[in-house]
Structure formats: structure tokens, C-alpha cells
Amino acid sequence: MDDRNYTNQRINSTCDVFESVLSYIHDSRDRQSISLVCRRLYELEARTRKHVTIAFCYTTTPKQLLRRFPFVESLKLKGKPRAVADLGFTPSRNVL
């Protein structure tokens with residue numbers, strides 16, 4: 001067997017194992033930690049994450065979110081729009 005073919009086959013089987021393990025990890029902080037290990041786990045975690053929580057609703061755009069998590073099924077937005085307006089992150093009502 002060719003060494004390159006063997007290496008690719010081994011990488012694919014490793015990804016299958018990690019994908020199976022990730023399906024049992026539901027805590028978003030644990031999944032975030034896993035995604036920091038290496039690029040392959042970062043990509044795998046992004047493909048398998050189904051639920052995303054955005055703590056501050058103005059930190060990301062829908063385009064960035066879908067690029068990072070292409071198969072997301074639910075999204076929870078947190079934040080206090082009134083406090084955001086008070087801090088000047090949104091235009092006042094008097095601006096045309």
C-alpha cells in the first residue's frame with residue numbers, strides 16, 4: 001500500500017472517531033476548547049455544531065456565523081439592546 005494512501009485513510013478514520021466523540025459533547029465551552037486543539041478539530045467542531053449562542057448580539061454578522069458554522073440549526077441571541085443604544089453602538093432615533 002502506498003504510504004500517502006495509508007496516511008489519508010488513517011486521517012479519515014481519525015476524523016470519523018472524533019466526529020463520533022463530538023456528538024456526545026454538548027457543553028459549548030467544552031466544544032470550544034476542543035476546537036482550539038488543532039485546525040482539523042476546529043473544522044470538525046464547526047461542521048458538527050448544531051446550536052450556537054451569541055452573548056452580545058452585535059459581535060458577529062450572519063455571514064460570519066454561517067461561514068464558521070455551516071450546519072447550525074438553532075441560534076440564541078443574548079444582549080440588552082437598550083444598554084447597547086446607551087453605549088452609542090446604534091444610531092439615535094433623531095439621525096436621518
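Which residues line the largest pocket? The lining consists of Glu19, Leu22, Ser23, Ile25, His26, Ser28, Arg31, Thr48, Arg49, Lys50 and His51. A pocket here is an open set of points on a 1 Å grid over the protein atoms alone, where a 1.4 Å probe fits, with protein on both sides within 12 Å along at least five of seven lines; its lining residues have an atom within 4 Å of a point. About 220 Å³ of space lies in this pocket, the volume being the space filled by probe spheres set on the points, which are joined across faces, edges and corners. Helices α1 (3–22) and α2 each supply at least two residues of the lining.

The model is a predicted one, in which local features need pLDDT of at least 70 and side-chain atom pairs count only at pLDDT 80 or more, while totals for chains, interfaces and linings use all residues. Residues are numbered from 1 along each chain as its sequence is written, and side-chain values use heavy atoms, with hydrogens and water left out.

The chain contains 5 helices and 2 strands, arranged from the N terminus as α-α-α-β-α-β-α. Helices (H or I, at least four residues) and strands (E, at least two) are DSSP runs, numbered from the N terminus. Of its 96 residues, 18% count as buried, that is, under 20% relative accessible area, against over 50% for exposed and in between for partly exposed (1.4 Å probe, protein chains only). The accessible surface of the chain is about 8,100 Å², and carbon and sulfur atoms hold 54% of that surface; such areas come from the Shrake-Rupley method with a 1.4 Å probe, and for residues only the protein chains shown count as cover.

Arginine 31 belongs to helix α2 (residues 28–35) and counts as buried because its relative accessibility is 7%. Its side chain forms a polar contact of 3.3 Å with that of glutamate 45 and another of 2.7 Å with that of threonine 48. A polar contact is a pair of N or O atoms within 3.5 Å; within protein, one must be able to donate a hydrogen and the other to accept it, and residues adjacent in sequence count only if both atoms are side-chain atoms.

Threonine 48 lies in helix α3 (residues 39–48). With a relative accessibility of 18%, threonine 48 is therefore also classed as buried. Beyond its neighbours within four places in sequence, threonine 48 is in contact (heavy atoms within 4.5 Å) with Glu19, Leu22 and Arg31.

Arginine 49 is placed in the loop between α3 and β1 (51–54). Its relative accessible area is 9%, so arginine 49 is buried. A polar contact of 2.6 Å joins its side chain to that of glutamate 45. The C-alpha atoms of arginine 49 and arginine 31 are separated by 8.4 Å, with the two residues 18 apart along the chain. Not counting residues up to four places away in sequence, arginine 49 touches Ser28, Arg31, Gln32, Phe69, Phe71 and Val72.

The nonpolar residues complete the picture. In soluble globular proteins, nonpolar side chains tend to be buried together. The largest nonpolar core has 5 residues, namely Ala46, Val52, Ile54, Leu65 and Phe69; such a core is a set of buried Ala, Val, Leu, Ile, Met, Phe, Trp, Tyr and Cys residues joined through side-chain atoms within 4.5 Å. Leaving aside neighbours within four places in sequence, valine 52 is in contact with Leu65, Phe69, Val72, Ser74, Leu75 and Lys76.
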